[in-house]
Amino acid sequence: MYQQKQSSSFSNFSHGRVSVVHKTCYEIISEEGIFQCELTGNILFGKSPGEYPCTGDWVIFQPTDHDKGIIFDILPRTKTLYRKKSGTVSGKQAIAAHVDIAFIVQSLNSNFNVRRIERFMVQIVEEDITPVLVLTKADLGFNEVEITQALKHLSDKMPVFITSVHAPEKITALRELIKQGETIVFTGSSGVGKSTLVNALCGKELLETSAVSDSTGKGRHTSTRREMVLLEGSGILIDTPGVREFGVTGGSSDSLAAVMDISELEHSCRFMDCTHTSEPGCVVIEAVENGSLERDVYESFLKLRKEAWHFSASEHEKRQCERSFTKQVRQFKKK
Ligand SMILES: Nc1nc2c(ncn2[C@@H]2O[C@H](COP(=O)(O)OP(=O)(O)OP(=O)(O)O)[C@@H](O)[C@H]2O)c(=O)[nH]1
Ligand SMILES: [Mg+2]
Ligand SMILES: [Zn+2]
């Protein structure tokens with residue numbers, strides 16, 4: 001981080017980490033304290049809203065008051081969790097930056113959905129973030145055989161924790177996974193118990209959770225903003241509000257194939273650029289036909305790949321469009 005800061009033209013200013021994003025105001029935690037900051041015009045007009053700071057970002061700012069300041073620069077992002085902006089074809093939204101581990105949180109009773117887990121995993125693996133699956137609300141009952149069967153192809157690729165806020169030993173096990181200085185982001189649908197989990201890990205009610213604990217396990221949407229909390233002597237936890245849909249933006253063939261158990265197989269396909277859809281000598285299709293690759297997993301692979309292709313194609317198109325517009329403006333100015 002220090003090196004990155006030195007290469008910024010604002011290296012003589014303070015640096016800190018974004019802990020909460022409000023509409024136009026960013027809360028920064030720094031060695032000098034907590035500051036509510038706004039963006040300089042430079043960032044506002046030079047970047048698209050998708051590139052504005054997100055929780056976890058390291059920024060350079062200048063205090064203007066004891067608790068206020070202005071953000072001048074955003075340090076280059078690493079390991080950022082993005083999702084496709086809902087309602088757009090190619091917009092992407094940064095959820096959390098500089099993340100080491102992502103907890104994919106699902107509740108065992110009503111929210112468990114293996115296709116959704118794959119979706120999160122592809123996006124996480126793509127950014128070189130370590131995925132961990134956390135299944136909550138075990139106390140409400142679940143079918144262990146069914147869950148184990150559904151996770152067959154994923155359980156060797158990430159640790160799986162079955163937790164309940166009413167079982168302190170499960171929370172302890174989860175806490176032991178987190179190393180000092182690591183950043184962990186909590187992702188998943190609304191009501192699955194992300195904020196409850198963060199509070200349980202901290203041993204304090206730091207975040208607001210849905211007040212009424214309902215027996216159906218559905219919960220209600222409560223978190224309206226992201227929050228970062230520091231786990232004493234351990235890591236940094238980033239809670240996120242639940243999202244209804246999680247559209248993938250990434251999903252290079254490599255990360256997709258790795259998550260979906262296709263990597264090993266595809267080396268043996270007859271054609272190097274086999275799309276595994278209709279080619280002769282495709283070992284992936286053969287595996288589906290002989291049952292060694294589950295059809296559901298294969299279909300999920302095709303669906304996620306199509307989404308990722310669609311996203312990058314529209315992103316490419318958008319960039320081409322922007323480029324030709326800049327060219328037109330330049331030609332116009334010449335005249
Ligand atoms: N029975 C049971 N209820 C839980 C458990 N964990 C969370 N809950 C309840 O589930 C509801 C939702 O929990 P939250 O922590 O607010 O869920 P969230 O994922 O943060 O939801 P959003 O902030 O809306 O995204 C609350 O009523 C919690 O009390 C658990 O392990 N067991
Ligand atoms: Mg919450
Ligand atoms: Zn193939």
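Tutor: F103 has a relative accessibility of 0% and therefore counts as buried (under 20% relative accessible area; exposed is over 50%, partly exposed in between, with a 1.4 Å probe and protein chains only). The model is predicted: local features need pLDDT of at least 70 and side-chain atom pairs 80 or more, while totals for chains, interfaces and linings use all residues. Residues are numbered from 1 along each chain as its sequence is written, chains are lettered from A and ligands numbered from 1 in written order, and side-chain values use heavy atoms, without hydrogens and water.

Student: How many aromatic pairs does a search of the whole structure find?

Tutor: A pair of rings is described by the distance of the centres and the angle of the planes. The search finds four such pairs here (Phe, Tyr or six-membered Trp rings with centres within 6.5 Å; planes under 30 degrees apart are stacked, over 60 edge-to-face, the rest tilted). In one of them, F35 and F61 have ring centres 5.1 Å apart and planes at 50°, so this pair is tilted. F35 lies in strand β3 and F61 in strand β4 (residues 58–63), 26 residues apart, so that distant parts of the chain are linked. (Strands are DSSP runs of E, at least two residues; helices are H or I, at least four; both are numbered from the N terminus.) F35 is buried at 4% relative accessible area, and F61 is buried at 0%.

Student: What kind of pair do F103 and F186 form?

Tutor: F103 and F186 are edge-to-face, with 5.0 Å from centre to centre and 70° between the planes. F103 belongs to strand β8 (residues 101–107) and F186 to strand β11 (residues 183–187), 83 residues apart. F186 is buried as well, at 0%.

Student: In what order do the five strands close into a barrel?

Tutor: The order is β1-β2-β3-β5-β4, with mixed pairing (two strands pair if DSSP finds at least two bridges between them). Strands β3 (residues 33–39) and β5 (residues 68–74) run parallel and are joined by four bridges. Across from Q36 stands K68 in β5.
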